[in-house]
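I opened my notebook to record what I looked up in this structure. The entries follow the order in which I looked.

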Amino acid sequence: MTPTLAHDLDRPLGTLLNKLGYTPASGWISAGAFDTLTTHRFALQQARLEMNAVGAFCLMRAGEAGAQFSTPLVYVATASSVTQAQELHRRVWSQGLAPFLLIATPDAILLCPGFSYAQKDWGQLVKSFGWSAVETLPDSPITVVAEPSSAELWDLRATRLRTSLFWRDHAIDVDGRVDRRLLDSLEALSEVLTRGGRVSEALSPAAANSLIGRFLYVFFLADRGIINQDWVRSRGHVEIDLTDQQIDWPVAATWTLFDDLDSIFNGSIFPLGTAEREEIDDSHVNLVRRVMKHGAEPLHSGGVQLSFLDFYLGALRTETLSSVYEQFLENLQAGERRTSGAFYTPPFLVDFMLDRLEETKPLLDGTAVLDPAAGSGVFLVGAYRRIVERARWTSAEFRLELDDLRGLLTRNIFGVERNRDACHVAAFSLYLTMLDYVDPRDLSRVAQGHAQEKLFPALLGSNLLACDFFSQDVQLTHLPDDIHCIVGNPPWQKVGRLKSPDGERWRDDNAANAPIGFDQAAELFIWKALQRHLHPDGVLAFLIPTKSFINPTSWTFRRTLAQRHAIVGAANFAHLRHRLFANAKHAAMAVFLRAREPRPTDQTWVFSPLSTGQPLARKQRPWTIIFDRADVAFVRHDQIARNPRGWFDAFILRPVDHQIRQLLEDRVLTGEIATLEGLCKVLGAGIRRGGNPAETGLDARFLVDAPNEDIIEDDRQLDLLGFHRDTELPQMLPAEQWRNVRASYQNRFGGRVLLIPRNLKNIRVIDKPLAFTSSTTALFYDKPAEKVTEREMALLKAMGRYLRSRTALYLVAVTGRRWLIDRRNIEPEDLKALPTPITALDDKRIDGILAASGEDLDSYLLECLGLSGDLKRAIKEFLNFRMGFRDGDVPADAFSLPTQAGISDYIDVVSRTLDGLIGRERAFEVSTHADASLGVAAVSARFNPPGLTPTRTDQSDLCHDALMSYAASAANSFTDSLAIAYAEEESSVTVVKPLEHFRWTIDSAFADSRQIMNAFVGGGS
C-alpha cells in the first residue's frame, strides 16, 4: 500500500508518541529500523510497506552477538481517510502479530484491536480520539491519570504496556484472531461441500479439500499481486474474472487456469486428479470462489454470511496458514487426532522453540533441518524463513536471486509426514514463504512464462516425504546422511495406537538401545532422530509431553537419554496446558538436546513459565510466549541425569522448597525423622496399591474404588473406620470370598490397615477385610490382621492424621510428581519418599499426633519435622496461595497490588536470607521504594563489610535512580521481571520488579535473594 502520511500529521503524531513514552530506549522501533531486528523482521517490513506502519512499540530482549528479539505490542500507522484506515486494520488483523493498532488520520487517532476485525461491525470495534484529546494527555508517561475521554488511549503508554497489570485488565480476544476465524471458515466451507449444501451434490473430502486449497492458492497469488486480471487475459483465460462476483467461472475454464498456473509455477500444489475433477461442477467452483473472494460464507446450517471477505491473504503469515491448515486436516478425519496424538502447533510456540534452538545452533545455509512429523510444515516454514533472513542479512544488496531462494529451500529443508494431504500443504506453505522474498522482477518474468524453470522447485518425494518415519521406505534415502537440526512436535500417543506397524517393529527391534516409558511414541521419535539422523554436532528441539521427564514409568528413558546426550535446556509449559493446545490432555514441554555426550561441566537451563508471567489476562489463552531471564534456572547436567526426581525438582520446586527438602533430607540422615518407606522397613510393613480382578483373584464387584469425598479436616468427626458416622460404609469383603484372594494381597486386604487413596481424599484406618482397586494404596503390616497390635493400630491412626494434615499436603505437593502439574494424584513411589515425623513403633510422637488436632496438630507436626521461622511461614503461604497455581489455575489475588505489610515481610525475608547465605547477621541493609505510576518497586541491598559496625543508611537515592533508569529503558515485566544492577562503589545491588502480589511473596523473597547474591558474587555479570 502506498504511504499516505501527510506532513501535517508529523507533529501531532510525534506529540502522541512522546506523550505515550514511545522512545527507542523504551521499545519503540521506527519503521526504518525494522531491518535491524532479529525476530519478525519480514512481518514488520511488510507492515511498513503494506500497512503504512511508521513504527511499532515492542517488548525487547537483547540476545547474544547483538541479536534483538522483539514482540510487537502496538503498530502505529497512518491513513488519509477512515476508509483506508479500515483496510489497514484488516491487513494488520490478517497478519495476526500485534494485539493493538493505532492509526493516525487527519481528523483523529483510531485505536483498533489487532486480533479482532469484522467488516460489517468495524465501527463498534474501533475507538476514535480527536487530536484535541492528544493535547490533553499528560506530558509524562509515568503519570497515572488522564482525562476520562482519553483514558483508553493513555492506557497504551509504554510504562503501562510493560506491566502484567495492563494485560490483567485487557483480555485479548484470542477467539477473534485470524487463525481461529480462518479455521472456522475453512471447516464450514468444507462441511457445506461434503454435505451437498448450496451445490449440485456432495463432494468427497478429497475433492472438496483440494478444491479449497487450489482456490486459496489462486487468491494468495492475486492478493500478493503476482497475478491480476490483466495477467489472466494475457494468458487467454477469457472466461475467468478475478474481481466480478457476477461472472461465473465455468468448470472447464477453471481447470485450464489451474493447469496454466501449474505449468508456470509448479504442478504439485493441491493436485486435483481425474476422479476429483469428475465430481466437481460449476456450482462447487463458484461457491468456493464467492466465499473466498466475495464474502459469501456458508454456515454449517447451510446459510450464508460475510466473513471470508475479512481476510486479506496478502498479509496472512504463512506460518499461520500452515498451522491452521494442519488443524483443518486433522479435524476432517474423525478420531484421527486421538489416534495420531497430533496437535495444532501455534506459530508463536514455533517461534519460541526456534529462538531457543538458534541460541545453540544458528539456522543458516548448509544447516539441514528435518521435521520427522512435519504435519503441514509450520516448523519447516519457520526454519526456512530464518535461513533466508540470515542469507539476506549477509547479502550486499539485501536481496536474493530466485535460484538462491530455491537452493536455500532444497538444500536445507526436509520433512517426513504420513498424511499425503499434509505434505501438499507443507509444500504450499514453503512456496508461499519463498514468495515473500522473490524479487518482483523475477516474479514478473516467471508469471509471463518467460522463465525456463518453474517458479517453485519440486519438493514432494525429495524434500517432503509422504511416508512413515519408522519405515524402511526407499524415500527415506533422500534424506541427507547427517541432519544438523531436528525439530517438531511428534505424536503424543502410545506407539500401539499410531496404527504404524513400522513404528512397532522399530520399537521392538531397538528395545534394548532405545528404552521408552509406557510405549510413548514421542520418546521413540527422539531415539530414532538421535540414533539414525542427527549429525554428531547437531541439535534436536521437540515438543513432547511433560510426563516423559516426570513420570516414574519414563525414568529409564530420560536416564539413558541424559547419559548419552547433552540436554541443553527444557521449557516446562505445564501451567499453560489447558490453554496452549485445544483439548490436550497432557502438559507440554520443549526439550533441546545436543547429539554429543554430556560433559562433567555441562549445565542445563530450565524455564517453567507461569501464565501470570506472560502478557495474558488471568485465564486467557496465550498469543505469545516470552522468555523471562529472571525465571531461568541452571542445574548441573549430571544431577538431573542420575536423579529419578531431578526433572520434577527442576520444573516444580522453588528455592524455598529446595531448602525445606534439604533440611528434611538431612534430618532423615541423622535419624531424627524418617521417610515413609524407611519407616515401613523398620516396622515390617508395606506400601502397595490394590489391584484388578486378574491380579487379586476377586470379581470386580468386590473391589472398592477410592472415595471422592473431600479431605476431612476435623479428625474428631471420625470413628475407627475413618468415615463420617452418617456416611454409608463401603462394602466389606464377604467371608466366603476370602479364599479367592491371592496370597500377595491378603495382608493388605485383611483389615487393620491404613487406606490412602491416590487423590488423598478420605484417608482412613479400616479394621475389617476390604478389597480395593489400584486407585487406593495401603500402608499395612506384613502379617495377618489378627496379629496387628493395638500400638501398631495407634501408629496407623497417627499416620492417617498426619497424612490428612495441611503440613502433609504441602509435602505431598512438592513430592508427588503429578500433584501440581496435571491432577491431584500421588503415586506409591512418591508416597514412599514422603518425610514423616514418626521413626519407630515406640516413638512418643505417635501419642502427640493423636492428642492434637486442627492448627495445633499442624504446629506440632512442623515442630517435629524441624520446620520453623521463614520456612514455616513459606509452607503456610504455599497452602494459602501457591497451591492456587495447581493444574494451570491462577489464584484470584495473583495480580493484585502487594500490601505494605506484604512488602515489609518480603524485605525482612530477603535480609535474613542474604545474611544466612553469608553466615553473618546484619551483613546487608535492604530497603525498598515503590512507584505505583510505573507499576514497579526498587529493592536495594547494601553490603556491610565485616569489622564495621552496621548502620542503617538511607538508600532512597539508590532506589530512586533505579526506578528512573527503569522508566527510561525497555525493561519490562516479561523479558526481565527482576531487573538487576550492581554498583561496585556503593557495594550494593538494586533490583526493580513489578508490583504484583505473586512477585512479593516469601517464596519470591527466597528466590530473589539468591539472584541478588549471585549479582554480588559476579559483580553484576
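Helices (H or I, at least four residues) and strands (E, at least two) are DSSP runs, numbered from the N terminus. I note that this is a predicted model, in which local features need pLDDT of at least 70, side-chain atom pairs count only at pLDDT 80 or more, and totals for chains, interfaces and linings use all residues. Residues are numbered from 1 along each chain as its sequence is written, and side-chain values use heavy atoms, with hydrogens and water left out.

**Entry 1: helix H2**

I began just after H2, where asparagine 52 has a positive phi of about 55°. Then I turned to H2 itself, residues 41–50. I counted a residue as buried under 20% relative accessible area, exposed over 50% and partly exposed in between (1.4 Å probe, protein chains only). In H2, 7 of the 10 residues are buried, so this helix is largely enclosed by the rest of the structure. The buried ones are Arg41, Phe42, Ala43, Leu44, Gln45, Gln46 and Ala47.

What covers these buried residues? I took contact to mean heavy atoms within 4.5 Å. The cover includes strand S2 (53–62), strand S3 (68–78), helix H3 (82–95) and H18.

**Entry 2: H2 against H18**

Two packed helices are described by the angle between their axes and the distance between the axes. Axes are lines fitted to C-alpha atoms, for helices over the stretch in contact, and angles run from 0 to 180 degrees between N-to-C directions. I found H2 packed on helix H18 (residues 378–394) at an angle of about 70°, with the axes 10 Å apart. Angles under 35 degrees count as roughly parallel, over 145 as roughly antiparallel, 65 to 115 as roughly perpendicular and the rest as oblique. H2 and H18 are therefore roughly perpendicular to each other.

From H2, Arg41, Phe42 and Gln45 meet Arg385, Glu389, Arg392 and Trp393 of H18. By class, this contact has 2 nonpolar, 1 polar and 4 charged residues. For the classes, Ala, Val, Leu, Ile, Met, Phe, Trp, Tyr, Cys and Pro count as nonpolar, Asp, Glu, Lys and Arg as charged, and the others, Gly among them, as polar.

I then looked up one residue of this contact. Is glutamate 389 buried or exposed? Glutamate 389 is buried, at a relative accessible area of 8%. Its place is in helix H18. Leaving aside neighbours within four places in sequence, glutamate 389 touches Arg41, Phe42 and Tyr437.

Two strands pair if DSSP finds at least two bridges between them. I traced an open sheet of 9 strands with mixed pairing, in the order S11-S10-S9-S12-S13-S15-S14-S16-S17. Strand S11 (464–465) and strand S17 (632–636) stand at its edges with a single partner strand each, so one side of each has no neighbour in the sheet.

Strand S14 (residues 566–572) is mostly covered, with 7 of its 7 residues buried. S14 pairs with S15 in the antiparallel sense over 6 bridges, and with S16 in the parallel sense over 3 bridges. Alanine 570 has valine 591 as its bridge partner in S15 and valine 606 as its bridge partner in S16. S16 (residues 603–607) and S17 pair antiparallel over 5 bridges. There, tryptophan 605 has phenylalanine 634 in S17 as its bridge partner.

**Entry 3: the sheet of 4 strands**

I found an open sheet of 4 strands with antiparallel pairing, in the order S24-S25-S27-S26. Its edge strands are S24 and strand S26 (979–983), each pairing on one side only.

Strands S24 (residues 924–931) and S25 (residues 936–943) run antiparallel and are joined by 8 bridges. Glutamate 925 stands opposite arginine 942 in S25. How many residues lie between S24 and S25 in their hairpin? There are 4, and glycine 935 in the turn has a positive phi of about 75°. S25 also pairs with strand S27 (residues 988–994) in the antiparallel sense, over 7 bridges.

Helix H38 (residues 900–918) lies across S24, S25 and S27, running at about 150° to S24. Helix H40 (residues 1002–1018) lies across S24, S25, S26 and S27, at about 140° to S27.
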